[in-house]
Amino acid sequence: MVQSRGQHHIVGGGIAGLATAVFLLRDAGVPGADIHIHEQLDRPGGSLDGSGDARQGYLVRGGRMFEEHFACTLDLLAGIPSADDPAVSAAEDILAFNRAVHASGNCRIVRGGRPAADRDRLGLGRGALLDLARLVLRPERSLGDRTIAACFRPAFFDSNFWLMWATMFSFQPWHSAVEMRRYLRRFIHLFPGFTRIEGVLRTRYNQHDAMIAPMVCWLRQRGVDIAPARQVTDLTIGGTAPARRVTRLAFADGTALAVGAEDRVYLTLGSITEGSATGSADRAPDPAVREGGGWGLWRRLAAAHPGFGRPEAFCGTPERTSWTSFTVTLDRPGFFALMEDFTGNRAGTGGLVSFAGSAWGLSIVLFHQPHFRDQAAGTQVFWGYGLCDDRPGEVTGRTLREATGTEILAELAGQLGLSRDQRAVLSGARVVPCRMPFITSVFMARRPGDRPAVCPDPGGNFAVIGQFCELERDCVFTVEYSVRSARAAVAQLTGRTPPPPPVARTDRDPRVVLRALRVLLGRRPAQDQRAAAGPDALARR
C-alpha cells in the first residue's frame, strides 16, 4: 500500500518504537516532522534502561540477548552513530568491542562455594536427550499451550544443562514449550560455546547508553517528535471488515488526537518491565503488582475488537512471571579482584556465574567497566538476579522479593563462601533491587491467536510491534524480536520498504547440527581443552 503524506503515530518509545521511527525515516522516506513517538515513561528506552548515579547507586533492570545473526538489529544500528565516535556506527562499535574483549566464561556454575568441578558438562542422560530431540523435531503447531515440564522427565530439571539454560534465558518449567523449541532451533549454533556463554555479543556500555541514547539523538536531530510522559490510554477504531482504521488516540491527561485517513499508528502492547518496583540497601521493593499502561491498553483493545489476541495469557499470573534483579555500585576494587581470582576471568570476559545451591536461582555478572558512559571514576558496577524470587534464601531465610539490598549481598556472600574478613569487600555498596512482576510474561504458555499479528486481521492503518505480536520462528525476550516487528510493520503499512530478511536457519546446516549433537552427547569441542585446567590455571596465564 503506497500512501501520500500522512502522520505516523508510534505508541511506546521502547526499542520497537524507536526502531519503527528509524525505519520510517531512513528507509521509507517519511519526514522526521511527521513521526510522533508517544511514551508513557519520563524518557524513551522502555526495557533497555540504564539510570542512577554513583551516590544513590546505578540501575539496570536487565539486558536482552544479542548475537551475530540478529540481522534486523545490526541493520538498524548500522546507520546510527555510536555514543563515542560519530564516524563509527553503533553496530560497528558493538562488533569492534567484541573483537577486542573476547568473552569466554571459565566459571559458569558455582557449587558449595567453589567453581563446580562439572561446570563444563551438561549432565544429560539418555531420557533427557530423547526428550530434547522430540521437542526440536515436533511441529510447533502440535504443541499448543503445552509447558516445558510436560515435555521432559523430572531428571532433566536437575541437569547442568537446565541450570545454564534457565539462568541464561530465564526459562521456568511452566513456560511455553513452543518458545523453548524456538530457542533450541534459533540458537543451535551457540551450543559449542554454551557452557561458557560464547557467541553472545556484549555492548560497550549498558544497552541504553550503547543503543537507545544514540538512536534518540539521531531521531531528534532529524525532527522526530519524541514525547515522554505522554501515555496513550485508548484508541477509537472505526470501520468494519475487511478494513478498519484508528480514528482517535486518547491520552492519560484527558486530551485526544484525531487520526486522519492517511495517518498510520504503530502500537506497542504489553510490557515486560511495567510495574517494576525498586528498593535500596535497607528497603525491599514494593510488593504490590501494578499492570501499567501497556497492559491496560492491550486489555481494552482485546475486549473491544477482534484480532488483538488474549493479554490474560501473559499478564494473568504475575506470581509466575516475576523475578528480581539487583545492581550493585562499589567504590573499591576488592570485590572485582576477588571474583576475577575466583573465576579466572577479567571483568567483562566471563558472563553469568550461577549458584547451583541457591533456592533463589541466583546469578551475577561482572560487566566490562565502565558500564555507564558517565560512570563516576573509581566506581564499579555489577548486576545479578534471582530467577525464583518467591523462595527463602539459604542464608537470609527471606524470599528475594522480600529482601533488602543488604540482605541480597549477605545471601551472595554466603553462596560464594566468603569469610567474615572477605565480606568487607562489599562494605559501602549501594544496592538497588528491582522486582519485575511481568519480566518473563513473554514465555507463558499460549495458543495460536493469543498474540496478535503485526497487522491484525481485519486491518487498516495500524500495526502491533514489540514483544507481544506474532512473528514466525523468531524468539521473544530478544532485541531482535522487537526490531523485526518494527521492520515488518513499516513494510506492511507503507509499502515503501522490503520486509525483514528471513530468520537465520542455522538449524538447517548439517555442520552446525553435528557440532551441537557432539556437545549434547558430552563430547567437548577441541577449543574447550584450554579450559580443562580450570580457572586457577587460566588466572596464572
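The second largest cavity of this predicted model holds about 160 Å³ of space. Here a cavity is a set of points, on a 1 Å grid over the protein atoms alone, where a 1.4 Å probe fits but cannot get out, and lining residues have an atom within 4 Å of a point. Grid points are joined across faces, edges and corners, and a volume is the space filled by probe spheres set on the points. Its lining comprises 21 residues, with Thr343, Asn345, Gly350, Gly351 and Val353 lying nearest the centre. Helix H10 (334–343) and strand E15 are the elements that give two or more residues to this lining; helices (H or I, at least four residues) and strands (E, at least two) are DSSP runs, numbered from the N terminus.

By the cavity rule, four cavities of 30 Å³ or more are counted. The largest cavity contains about 790 Å³ of space. It is lined by 35 residues, and Gly63, Arg64, Gln207, Val365 and Phe367 are the closest to its centre. Helix H5 (160–169), strand E15 (362–366) and strand E16 (380–386) each give two or more residues to that lining, with H5 supplying the largest share, three residues.

The table sets out the lining classes. Ala, Val, Leu, Ile, Met, Phe, Trp, Tyr, Cys and Pro count as nonpolar, Asp, Glu, Lys and Arg as charged, and the others, Gly among them, as polar.

| Cavity | Nonpolar residues | Polar residues | Charged residues |
|---|---|---|---|
| Second largest cavity | nine nonpolar | eight polar | four charged |

Strands E15 and E16 also belong to an open sheet of eight strands with mixed pairing, in the order E6-E5-E14-E15-E16-E13-E17-E12. Two strands pair if DSSP finds at least two bridges between them. Strand E6 (114–115) and strand E12 (277–278) form the edges, each pairing on one side only. Within the sheet, strand E13 (residues 323–330) and strand E17 (residues 430–436) are antiparallel and share seven bridges; Trp323 stands opposite Met436 in E17.

Helix H5 packs on this sheet, touching strand E5 (109–111), strand E14 (353–355), E15 and E16, and its direction makes about 120° with that of E5. Contact means heavy atoms within 4.5 Å. Helix H11 (residues 405–416) lies across E5, E13, E14, E15, E16 and E17, at about 95° to E17. Axes are lines fitted to C-alpha atoms, for helices over the stretch in contact, and angles run from 0 to 180 degrees between N-to-C directions.

Residues are numbered from 1 along each chain as its sequence is written. In this predicted model local features need pLDDT of at least 70, side-chain atom pairs count only at pLDDT 80 or more, and totals for chains, interfaces and linings use all residues, while side-chain values use heavy atoms, with hydrogens and water left out.

Methods: 1 Å grid on protein atoms, 1.4 Å probe; cavity = no way out; pocket = protein on both sides within 12 Å on 5 of 7 lines; lining within 4 Å.
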